[in-house]
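Here is a short briefing to read alongside the sequence and the model. Please keep both in view as you go through the topics.

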Amino acid sequence: GSITIALAGNPNSGKTTLFNALTGARHSVGNWPGVTVEKKEGKLKYRDNEIIVVDLPGTYSLSPYSIEEIIARNYIVEDLPDVVVNIVDASNIERNLYLSMQLIELGKPVVIALNMMDIAEKRGIKIDCKKLSEQLGVPVVPIVATKEEGVDDLLNIVVNLVKGGIPYNPKQIDFGKEIEGKIEKTIEKLKDMSGLEKYNLRWLALKVLEEDEAVLKLLGMNLKTKTEDEIAVTNEISLEDDFEALIADKRYSYIAEIVSKTVKKPKNKELTMS
Ligand code: GDP
Ligand code: MG
Ligand code: K
């Protein structure tokens with residue numbers, strides 16, 4: 001069968017450039033259902049594999065507050081692409097990894113295409129891709145989308161990953177004893193609910209705790225009109241008002257630690273216009 005790849009990344013990370021490098025003219029442009037957000041889909045052949053590439057809207061996060069973010073994460077959790085290719089701007093890696101962590105949390109295999117390696121190099125930013133890959137537990141492939149450098153490596157990794165040729169063991173953020181306890185309890189309750197087989201329960205649990213409206217709706221929970229049963233799901237889980245902020249903080253510090261271990265920036269902070 002064919003392999004479906006979803007392309008996800010921050011705006012200006014090079015998503016369109018990579019999409020075009022992958023699919024050339026073999027693509028169609030339409031809208032995502034019900035909204036005027038552009039949807040591009042293309043095809044390519046790699047060795048004997050037909051690969052379908054779906055371009056997701058550019059986003060910085062996967063919160064439920066913007067239509068682009070909802071489209072991107074719904075596509076991944078509902079349509080279940082085989083692989084999520086996450087384009088990361090190497091010259092702005094720390095900010096970009098915030099989305100990466102959230103993509104990894106969704107549960108589908110993620111491959112990071114570390115783009116703009118030429119710009120990073122010019123700025124003297126050195127990234128240890130192997131170590132970054134170890135730290136995240138996902139493949140990291142350096143690319144320069146404008147020159148189509150690394151694109152073949154990227155496809156090779158994607159196909160190998162889908163065929164089980166490489167292990168996929170993403171690292172999970174440890175949110176700390178208290179939050180992890182709440183996640184665990186919520187997962188136990190979600191296990192008793194039917195119709196959730198396709199979802200990553202840890203991700204769903206995090207979203208319940210974050211009071212993510214789209215996920216609460218999916219679970220048939222409306223915060224304002226919760227029934228007894230529904231309350232039981234979040235009962236004892238004492239939703240703190242700033243749970244979302246707490247989780248976000250953990251993500252930022254986790255990323256900062258990974259970046260400190262894998263990225264070297266030039267000491268000289270002088271701005272040069274070249
Ligand atoms: P998108 O917003 O993610 O779709 O990003 P685009 O594909 O439109 O790229 C944003 C800008 O970065 C464009 O001017 C691209 O030509 C440029 N760009 C994309 N990839 C690379 C790269 O690897 N190196 C360099 N130097 N520029 C790139
Ligand atoms: Mg674009
Ligand atoms: K809350």
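Helix 8 covers residues 201–209, and eight of its nine residues are buried, so this helix is mostly covered; buried means under 20% relative accessible area, exposed means over 50%, and partly exposed is in between (1.4 Å probe, protein chains only). Helices (H or I, at least four residues) and strands (E, at least two) are DSSP runs, numbered from the N terminus. This is a predicted model, in which local features need pLDDT of at least 70, side-chain atom pairs count only at pLDDT 80 or more, and totals for chains, interfaces and linings use all residues. Residues are numbered from 1 along each chain as its sequence is written, chains are lettered from A and ligands numbered from 1 in the order in which they are written, and side-chain values use heavy atoms, with hydrogens and water left out.

**Helix 8 and its ends**

- The buried residues of helix 8 are Arg202, Trp203, Leu204, Ala205, Leu206, Lys207, Val208 and Leu209.
- Lys207 belongs to helix 8, and Lys207 counts as buried because its relative accessibility is 4%.
- Apart from residues up to four places away in sequence, Lys207 touches Arg73, Asp212, Val215 and Arg251, where contact means heavy atoms within 4.5 Å.
- Just after helix 8 comes Glu211, with a positive phi of about 55°, although Glu211 is not a glycine.
- Glu211 sits in the loop between helix 8 and helix 9 (213–218), and its 29% relative accessibility makes Glu211 partly exposed.

**Around ligand 1**

- Which residues come nearest to ligand 1? Of the 15 residues around ligand 1, they are Asn12, Lys15, Thr16, Thr17 and Asp118, where a residue is near a molecule if one of its heavy atoms lies within 4 Å of it.
- A polar backbone atom of Asn12 is 2.7 Å from an oxygen atom of ligand 1.
- Side chains also take part: a polar side-chain atom of Thr16 lies 2.8 Å from an oxygen atom of ligand 1, and a polar side-chain atom of Asn115 lies 2.9 Å from an oxygen atom of ligand 1.
- Ligand 1 exposes 580 Å² when taken alone, and the protein buries 68% of that; accessible areas come from the Shrake-Rupley method with a 1.4 Å probe, and for residues only the protein chains shown count as cover.
- Two elements give two or more residues to the shell around ligand 1, namely helix 1 (15–23) and helix 4 (117–122).
- Helix 1 contributes the most to this shell, with three residues.
- Sorted by class, the shell holds five nonpolar, eight polar and two charged residues; Ala, Val, Leu, Ile, Met, Phe, Trp, Tyr, Cys and Pro count as nonpolar, Asp, Glu, Lys and Arg as charged, and the others, Gly among them, as polar.

- Lys15 is part of helix 1, and Lys15 counts as buried because its relative accessibility is 9%.
- Beyond its neighbours within four places in sequence, Lys15 is in contact with Leu7, Ala8, Gly9, Asp55, Leu56, Pro57, Gly58 and Ile87.
- Asn20 also lies in helix 1, and Asn20 counts as partly exposed because its relative accessibility is 37%.
- UniProt lists Asn20 under "binding site" (unreviewed entry); UniProt positions are given in the numbering used here, feature names are shortened, and annotations may be inferred rather than shown by experiment.

**The annotated domain**

- UniProt places "domain: FeoB-type G" (unreviewed entry) at residues 2–164.
- For residues 2–164, the end C-alpha atoms lie 15 Å apart, and the span is 37% helix and 28% strand.

- Met116, a residue other than glycine, has a positive phi near 60°.
- Met116 is in the loop between strand 6 (110–115) and helix 4, and Met116 is buried, with a relative accessible area of 16%.
- Val162 is in helix 6 (residues 151–162), and Val162 is partly exposed, with a relative accessible area of 34%.
- Leaving out neighbours within four places in sequence, Val162 is in contact with Ile3, Asp82 and Val83.
- Val162 and Met101 are 61 residues apart along the chain, and their C-alpha atoms are separated by 20 Å.

How values were computed. Polar contact = N/O pair within 3.5 Å; in protein donor to acceptor, adjacent residues only side chain to side chain.
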